[in-house]
Amino acid sequence: MTEVLARASGVTRRYGDVVAVDDLSVEIPAGQLLGLLGPNGAGKSTLINMFVGLRKPTSGAVELFGHDPRDVRARRRMGMTPQETGMPETLQAGEVIEFVAAHYPNPISRKELLAQFHLEDVERRQTGGLSGGEKRRLAIALAFVGRPDLVFLDEPTTGLDVEVRRALWDGVKAYNAAGGTAVITSHYLEEIEELAQRVIIIDNGRAVADDSVDALRRISGLRKVTIRALEVPALPGVVGVEQAGDVVSLITADSDQLVRDLVASGAPFADLEVSSGSLEDAFLAYTTKAPTAAPTA
Ligand code: ADP
């Protein structure tokens, strides 16, 4: 059986009246690249912060390598993306790597780390002179210096351009190919599709889907029925709704039936289009409530 590196069991975290994580359970097996997807405020960061020991659950238990996440025995085997990328400005990137590496018993070599994250060109530059993207890339690479068994990457590439993101993905992929385990949150579905083997969709603090990326893609066999309408009646079988002005897209597993129901409802509409769903639609289907009342145009 695969070793479970981290485990949350019935974990709830409140901030005052806000329930950020709501009775969530998840196991992170060795070797897996797990994606956490969810809208802003869904509870992804709170969950990660509990795994890395920055927050305590209000109730339930979180374990990291069989210990409390605050235990040094657990922390030594874990890496995470720093929240901010503050580094000594006068040190060269390579020197910063050495500095961080000195804290670990068996760090990855400077050369290897620079190659893994395509950072060779910044090795001899002072971090104060690096661009935002370069700094971010270096900061993320630093999460891997100690040869962690498990890395938590919270929105690692938000705001970075596509090329920088790809360089980071290469680094994360190489780490995973060598047996490393990672949890990654992202706004970019493309990033999760590219990296993760398993995806948990979190909405309102709860895991609303937990499946392989392939299975989620199959769910994206869902259909999208798009119409132009001022008012759309509540119809059975609608699992998600997207709306832009008077253009409404209804997401459903059975577009034929939905079109029949739509016509039978007598509601006026125009420009009917049926298209196949994407991973994004699957995501929306899980995180958007079907309307109970007619949306206003
Ligand atoms: P995500 O990472 O998915 O965007 P978060 O875990 O950051 O979600 O937030 C989940 C919920 O908890 C949100 O409603 C957020 O406003 C709230 N929250 C997060 N951190 C705090 C905090 N330190 N104090 C109060 N509320 C917080």
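Analyst: A polar contact of 2.9 Å joins the side chain of S45 to the side chain of D154. The term denotes a pair of N or O atoms within 3.5 Å; within protein, one atom must be able to donate a hydrogen and the other to accept it, and residues adjacent in sequence count only if both atoms are side-chain atoms. The model is predicted, so local features need pLDDT of at least 70 and side-chain atom pairs count only at pLDDT 80 or more, while totals for chains, interfaces and linings use all residues. Residues are numbered from 1 along each chain as its sequence is written, and side-chain values use heavy atoms, with hydrogens and water left out.

S45 also faces the ligand: one of its backbone N or O atoms lies 2.8 Å from a ligand oxygen atom. The side chain of K44 likewise places an N or O atom 2.8 Å from an oxygen atom of the ligand, and a backbone N or O atom of A42 is 3.0 Å from a ligand oxygen. On its own the ligand would expose 560 Å², and the protein buries 62% of that area (Shrake-Rupley method, 1.4 Å probe; for residues, only the protein chains shown count as cover).

The shell around the ligand consists of Y15, V18, A20, P39, N40, G41, A42, G43, K44, S45, T46 and R55, where a residue belongs if one of its heavy atoms lies within 4 Å. Strand 2 (18–29) and helix 1 (44–51) are the elements that give two or more residues to this shell, and helix 1 makes the largest contribution, three residues. Helices here are DSSP runs of H or I with at least four residues, strands are runs of E with at least two, and both are numbered from the N terminus.

How enclosed is helix 1? Seven of its eight residues are buried, so the helix is largely enclosed by the rest of the structure. Buried means under 20% relative accessible area, exposed means over 50%, and partly exposed lies in between (1.4 Å probe, protein chains only). The buried residues of helix 1 are K44, T46, L47, I48, N49, M50 and F51. S45, which is found in helix 1, is partly exposed, with a relative accessible area of 34%. The C-alpha atom of S45 is 17 Å from that of E27, a residue 18 places away along the chain. After helix 1 comes G53, with a positive phi near 85°.

Positive phi values occur elsewhere in residues other than glycine. N204 has a phi of about 50° and lies in the loop between strand 8 (198–203) and strand 9 (206–212); with 53% relative accessibility, N204 counts as exposed. D271 has a phi near 55° and belongs to strand 13 (residues 270–276); D271 is exposed too, its relative accessible area being 51%.

The setting for these details is a protein chain with 10 helices and 13 strands, whose C-alpha trace spans about 70 × 40 × 40 Å along its principal axes. Of its 297 residues, 48% count as buried. Among contacts (heavy atoms within 4.5 Å) between residues at least 6 apart in sequence, 67% join residues at least 24 apart.
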